[in-house]
Amino acid sequence: MFSRAVRPTLSLARSLSTSSQNHAKVAVLGASGGIGQPLSLLLKNSPLVSHLALYDIAHTPGVAADLSHIETRAQVKGYIGPDQLDAALQGCEVVVIPAGVPRKPGMTRDDLFNTNATIVANLADACARNCPEAIICIIANPVNSTIPITSEVMKKRGVYNPNRVFGVSTLDIVRANTFVAELKGLDPARVNVPVIGGHAGKTIIPLISQCTPKVEFPSDQLTALTERIQEAGTEVVKAKAGAGSATLSMAYAGARFTFSVLDAMNGKEGVVECSFVRSEETECKYFSTPLLLGKNGIEKNLGLGKLSAFEEKLVADAIGELKASIKKGEDFVANMK
């Protein structure tokens, strides 16, 4: 079903580059950070973006000035500090939020919660006030909690639309595609592995059985591959030895997801991405599955598809942790002053 969907690309030679609809205003909140800068560069490079609003608490005027010299059509403007947040968001159709502190060695995504929860709640509130109909793409970890936080904040403002709030889990798919391609000697650009569940540890569930093209692994190799995909973020944190977490690959994945959203908004058909969203596919309120994207966000949830016995167990093992992370996000907003 969704495995036949055309994979998005980051190429400048976009199929819609001449469309009159390609005039989207996109905001990046957290644009000066390790993810925000390369993400903003990739967005500036796309003809799908006409206006790029860059917001952060420091350095954004410099980042914006630097990017504004690039010979592509997107107009770039930098906004700095809470006083300029509202102005950054006005008129935005898509908001991408990589803001927050990164993981350091020994930190879990849960350790990030208190700092990033407050940041995301404040930014979501600003979106609710200034661009309530925008599509919101949350990168800030822990996504399993920050998506419920965003949703609850939007509900408080009376503007919540579950079809327009996305947890960007695309990096898990990008990694799964790469790792499978390495093991099988395939072109990673032609591999597509759906990844469902959540966006942390064992909640990350790669559906190798639904990979396109079809691949098979012996059980021990399948287990090792699954664990590598689940712990790939920690692999990068350790390799950077205190210098940060996955920033460049996350920026690529965030741009890929944003371009898919923009393509679908422009009327391109058959655009499918996995994302952590409000869901009724399992007993969890939020769950990542392949989604058919349309002009207004989620057009159709394509569900889990047929799972192998191995994958069914992965789903069962993830439910408890996912429910706890979701509740933690909801409780945070309920207890906000």
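This is a short chat about some features of a predicted model.

Reader: Which residues sit on which side?
Author: Ala24, Val26 and Val28 are on one side, while Lys25, Ala27 and Leu29 are on the other. Side chains in a regular strand alternate between the two faces of the sheet. Here both faces of β1 are covered.

Reader: What does β1 pair with?
Author: Strand β2 (residues 49-56) runs parallel to β1 and is joined to it by 6 bridges. Strand β4 (residues 94-97) also pairs with β1 in the parallel sense, over 3 bridges.

Reader: OK, helices. How do α4 and α5 cross?
Author: The axes of α4 (residues 113-130) and α5 (residues 143-156) come within 9 Å and cross at roughly 35°. The crossing is right-handed.

Reader: Which residues meet there?
Author: On the α4 side they include Phe113, Val120 and Asp125. The α5 residues they meet include Ile149, Val153 and Met154.

Reader: Where are the cis peptide bonds?
Author: One joins Asn141 and Pro142, with omega about -5°. Pro142 is in the loop between β5 and α5. Another runs from Thr212 to Pro213, with omega near -5°, and Pro213 lies in the loop between β8 and α7.

Reader: And which residues have a positive phi without being glycine?
Author: His59 has a phi of about 70°, and Ala241 has one of about 50°. Most residues other than glycine have a negative phi. His59 is in the loop between β2 and α2, and Ala241 is in the loop between α8 and α9.

Reader: Why does Ala241 count as exposed?
Author: Ala241 counts as exposed because its relative accessibility is 64%, and the cut-off for exposed is over 50%. His59 is exposed too, with a relative accessible area of 60%.

Reader: Last one, Glu330. Buried or exposed?
Author: Glu330 is buried, because its relative accessible area is 15% and buried means under 20%. Glu330 belongs to helix α10 (residues 309-334).

Reader: What does the side chain of Glu330 make a polar contact with?
Author: With the side chain of Lys285, at 3.2 Å. Leaving aside neighbours within four places in sequence, Glu330 is in contact with Pro148, Glu152, Lys285 and Tyr286.

Technical notes:
Residues are numbered from 1 along each chain as its sequence is written. This is a predicted model: local features need pLDDT of at least 70, side-chain atom pairs count only at pLDDT 80 or more; totals for chains, interfaces and linings use all residues. Side-chain values use heavy atoms; hydrogens and water are left out. Helices (H or I, at least four residues) and strands (E, at least two) are DSSP runs, numbered from the N terminus. Buried means under 20% relative accessible area, exposed over 50%, partly exposed in between (1.4 Å probe, protein chains only). A polar contact is a pair of N or O atoms within 3.5 Å; within protein, one must be able to donate a hydrogen and the other to accept it, and residues adjacent in sequence count only if both atoms are side-chain atoms. Contact means heavy atoms within 4.5 Å. Two strands pair if DSSP finds at least two bridges between them. Axes are lines fitted to C-alpha atoms, for helices over the stretch in contact, and angles run from 0 to 180 degrees between N-to-C directions. A crossing is left-handed if the near helix is turned anticlockwise from the far one by less than a right angle, and right-handed if clockwise.
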